[in-house]
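Me: I have this model open and would like to go through it piece by piece. Could you start with a strand pairing and then take my questions as they come?

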Amino acid sequence: MIDAPRSPGAVSAPLELGPTLGPPRALYLHFPFCAHRCHYCDFSVARAATPPIGAWLSAIETEAGWWADLARWATPIPLDTLFIGGGTPSLLGEDGMVELRRRLEPWFAITNRTEWTVEANPASFGRGLAARWREVGVNRLSLGVQALDDRVLEWLGRLHDRTAALAALDAARDEGFRRISVDLMFGLPDTVERDLDGELDQLEALDLSHVSLYGLTVEPRTPLAKWIELGRIDAPSARRYAREYRDVARRLTPLGLEHYEVSNFARPGHQCAHNWFYWNRSPYLGLGPSAHGFLPPYRTWNVFRWDRYERALRAGERPVEGWERLDGDDEALERIWLGLRTHRGLAADDGPTAVHAARLERWGREGWVERCGDRWIATTEGWLRMDSMVAELTGAR
Ligand code: SF4
């Protein structure tokens, strides 16, 4: 899920959708539980060795019904994609996923053409779960491998080691998953002395079809931020971040993994269809704490914390924390930064105003974007600077 920069027009008043809005064909569900909280994580996560799965299922079911009533959609809504992220959705277990499908079915039609992705952590994923999820209809996995070196995994505070990561990958393949994405972190502090090149050698041998990159960022109010402030850990260096980002791109592309978005690489036919809904600005619905949705022209976001989200639904209240209506300059700006995130780029006549066009020309001279026919496409160097480019665009309104 991507976090769009919020415009100054963001509000928290009750949302009233127009009666003509069509239903979204992409659904994101946030499962906000982890057995342990990683020291760098600022996601909506409640620590729970045994998550309250029944309560989460009831909340999701209630929220789905609330949206369908609000927008007056005919149900069940056919889904092109369903993505369950977290948190650690592999803690849903075998029965939890079966029950989830049953609870979703009155509201959403999941067919064998629906791309159904679930995030899984190697520490809670094995053959039994893989087999059952395949039977229920899950057809794409996003495995939180993060690293292939036990020392690095230990530094990250992950609950799995390299052996468990490889076992999870084998289990998924043996049980018939053909579409598997592996998450890989980069940009750790110099003091970790990570041999990323050695890990990329190992990754190369795994014959992967999709890799998602996550650069370590120091988020405020995390233990990592505190440790850095106290001088117990060095801050990650921008130089290492840039070097490793370039190294990964240089190593994965010759393997046939196309760098198709800032943080994503895929073989032909293996791109994540769900994420294209975000990047293309197609409508999608997000359910669960902190979930974002886009129901044009509205962007919405839910209450962040699980306990508050659940309490709101139990009290018959809407769990939407805020929303904004995107049009005019805000919409043009979003078209630009979302377009530049992907390898398809941005049509020169789709969004840029004169002031934005001047910036694109300058970034072209810097080597951050390239003009290919009638499109502007970001280079690897541009993707490295995506955050500052977005900040500059936002300031240029
Ligand atoms: S497993 Fe993922 S979601 Fe859970 S605490 Fe760690 S980084 Fe956050």
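Reply: Strand β18 and strand β19 (residues 375-378) run antiparallel and are joined by four bridges, where strands count as paired if DSSP finds at least two bridges between them. Strands here are DSSP runs of E with at least two residues, helices are runs of H or I with at least four, and both are numbered from the N terminus. This is a predicted model, in which local features need pLDDT of at least 70 and side-chain atom pairs count only at pLDDT 80 or more, while totals for chains, interfaces and linings use all residues. Residues are numbered from 1 along each chain as its sequence is written, and side-chain values use heavy atoms, with hydrogens and water left out.

Me: Which residue in β19 is opposite cysteine 372?

Reply: Cysteine 372 faces arginine 375 there.

Me: And what is the strand order in that open sheet?

Reply: The sheet has three strands in the order β17-β19-β18, with antiparallel pairing. β17 (346-347) and β18 (369-372) are at the edges with a single partner strand each, so one side of each has no neighbour in the sheet.

Me: OK, switching to α5: how many residues does it have?

Reply: Helix α5 (residues 162-174) has 13 residues, and its first and last C-alpha atoms are 18 Å apart, close to the 18 Å expected at 1.5 Å a residue; that expected span is 1.5 Å times one less than the number of residues.

Me: Which residues of α5 are buried?

Reply: Ala165, Ala168, Leu169, Ala171 and Ala172 are buried in α5, where buried means under 20% relative accessible area, exposed over 50% and partly exposed in between, with a 1.4 Å probe and protein chains only. They lie on the same side of α5 because they cover an arc of only 160 degrees around the axis, the arc being that of the directions from the helix axis to the C-beta atoms. The face turned away from the buried side of α5 carries the exposed residues Thr163 and Asp174.

Me: What covers the buried residues, and what caps the N-terminal end?

Reply: The cover includes α3 (127-136), β8 (140-146) and β9 (179-186). The N-terminal cap of α5 is aspartate 161, which has a side-chain oxygen 3.3 Å from the backbone nitrogen of threonine 163. Just after α5, glycine 176 has a positive phi of about 105 degrees.

Me: New topic, serine 212: buried or exposed?

Reply: Serine 212 counts as buried because its relative accessibility is 8%, and its place is in strand β10 (residues 210-215). Its side chain makes a polar contact of 2.6 Å with the side chain of asparagine 264; such a contact is a pair of N or O atoms within 3.5 Å, where within protein one must be able to donate a hydrogen and the other to accept it, and residues adjacent in sequence count only if both atoms are side-chain atoms.

Me: And where is histidine 270?

Reply: Histidine 270 is in the loop between β12 and α9 (273-279). A polar contact of 3.2 Å links the side chains of histidine 270 and serine 209. The C-alpha atoms of histidine 270 and serine 181 are 8.8 Å apart, although 89 residues separate the two along the chain.

Technical notes: Contact means heavy atoms within 4.5 Å.
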